[in-house]
Amino acid sequence: MTFTLNPDFGFEVDKVTVNDEEVTVTDNTYTIKNVTASGTSIHVTFKPASTATDVPFTVYNDIFSVGNVTTAVIIDLGEGNEANLADLSADMFKAGARNTRLDGSTVIFDGMRNITRVYVNNDPEPLGYISPAPGSDDLVTDTPASGRYIIVEFEFWNANGYTSGSMVSGTLQNAFSTILNYRVNVDREIKLTDGTTIIPRFTQAEVVNPALDKFVPDKTNPGGTGSMDILLSIDESWEDLGPLPLFIYNHGGGRGGPSGDYFAPVQTANGAAVLSKRQLENPGKYNAHIIATQNHSNNQANNEALIAYVEKLAAEGKVDLNRIYMSGFSMGSMYTIGFYNRNPEFLAAIVPLAGGTLPTVEQLTANPELTKTAIWAHTHKDDGAGNAWTNYFSTGAGASGLYSEANVTVLETNQAFNFPYYGFDWTPHETEAQLFSNLIGQSNASFRYGAGHEEYADKNIFDWMFAQFRAENRIDDLKETVAGLDIVGGKKNALMVKLNQTERFLDTKHDKPEQATNMLNAFISQVNAFVNPGTLTEEQATEMIHAAEETISYINYITDLR
């Protein structure tokens, strides 16, 4: 029996064994003679051709509201080398992967990826996606005629959801990080623009995800009480812009991953990862630091460790404590509401998704700080919080007028209408993709409450969130405090004059925020001057200075919005 051994293009025969003993092969054929018993076996392995050139490629992952997805491999022809778009086609490439969990042995995908198109680019990144049709908003159909990088785009989403092998963690549930092992072949030489050709030996160089690569693992209180693993993304623009907002996102139950797998929470649907991508897509629009928590514990010890961590960032000049935002899904929503109930003064806004019990009228009345945190709750009508939150914002505390800013969206469906989902609907509990993909006005809701629905109809949830601010105009409080001071009339009048002047500078007729800030700083200096001779106590001074500083923050924020 004569066997002919046919290597793929770019490969050659490496070793042939018959019954586990190596044999000599001539012209890629081998004949087994005198077979006298059953069980004879022949085995061949192949290797890259000796004439092949090493060509590295990068596995490119992207973030969508549903999670971390492998969308392409990017082939680097090397500096000075380019290929023509006209010489490339999707049918000349094949790509497959054998992906495992971090233990290296538990296989979550082993197979081929469907290639949707191949084109060139001058930078190592995709130019939008055509899959699924009609393509992404940033799709560049007029691709460059030539380029150093060959982009091999994969199918990663269709009418049934994500395609096999596309989700890095394997599925939407059971988050964990993955070792991605991709392989790429071609069936012909690659022509370069200078007229030469290469037989490529493709080797995987790295795996990248621009949105996730911004994060680094950390702990809120290493070795101490309430410590929690987190992923932290620091926006370096704070060095020029000053303290920035901070967004904290808490994953749903079962999506925290095993201990030591720090990136597990951002492998599936995660608001922190989505904001990171929005920052890349909209430079300068969402300047903020981001924290993704991992395996959070809904208790005050955990909260206090997180607060101390954030306050340390603020002390370093990085974080604006008046603009701390928190959101979470399911169990993460319960953590968000639990944190808010215990520490409302710390948060400017919360966005709970599908879980948790919001405060009663009695609780809001007993602790007015709860009412100063803006809220936009989201849930599906058929999910656990559906009826409860509908009632809460219809006849309950949410509609009591106690909140400074309160909104709810109770969804009829969890359909996400933008790329790559185009109307795909999740089960009632899975609200993340809908929230972080849709514009506010796109959501298919059965009940809405709050002014935000009209004002932010053509914007997304991050636009609303970043408009919320914890500090207030405390001039009225300060005037009331000063009026009640038991001090000499002249000194009381000196303080009151500065507050009246501040108020005058802030009215719509004068609109002089800089002068108002200067007057408040003069007020603070005079308060400090009254402490040493005993005119004011330390406690009185601290209270008034805090109110003045909060008002200055408010003035600065309003000025920035303009």
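**Inside the core**

Mentor: Start with Ile-291. Leaving out residues up to four places away in sequence, Ile-291 touches Ile-230, Leu-231, Leu-232, Leu-246, Phe-247, Ile-248, Tyr-249, Ala-272, Leu-306, Tyr-309 and Val-310. A contact here means heavy atoms within 4.5 Å. This is a predicted model, numbered from 1 along each chain as its sequence is written. Local features need pLDDT of at least 70, side-chain atom pairs count only at pLDDT 80 or more, totals for chains, interfaces and linings use all residues, and side-chain values use heavy atoms, without hydrogens or water.

Now the setting. The largest nonpolar core has 36 residues, and Ile-291, Leu-306 and Val-310 touch the most other members. Such a core is a set of buried Ala, Val, Leu, Ile, Met, Phe, Trp, Tyr and Cys residues joined through side-chain atoms within 4.5 Å. Buried means under 20% relative accessible area, exposed over 50%, and partly exposed in between, with a 1.4 Å probe and protein chains only. Several elements give two or more residues, including strand 22 (229-233), strand 23 (244-250) and helix 3 (300-315). Helix 3 gives the most, with six residues. Helices (H or I, at least four residues) and strands (E, at least two) are DSSP runs, numbered from the N terminus. A second, separate core of 34 residues includes Ala-211, Phe-329, Ala-374 and Phe-466.

Ring pairs link Phe-247 and Tyr-249 into a cluster with Tyr-286, Tyr-325, Phe-436, Phe-462 and Phe-466. Rings of Phe, Tyr and Trp (its six-membered ring) pair if their centres lie within 6.5 Å; planes under 30 degrees apart count as stacked, over 60 as edge-to-face and the rest as tilted.
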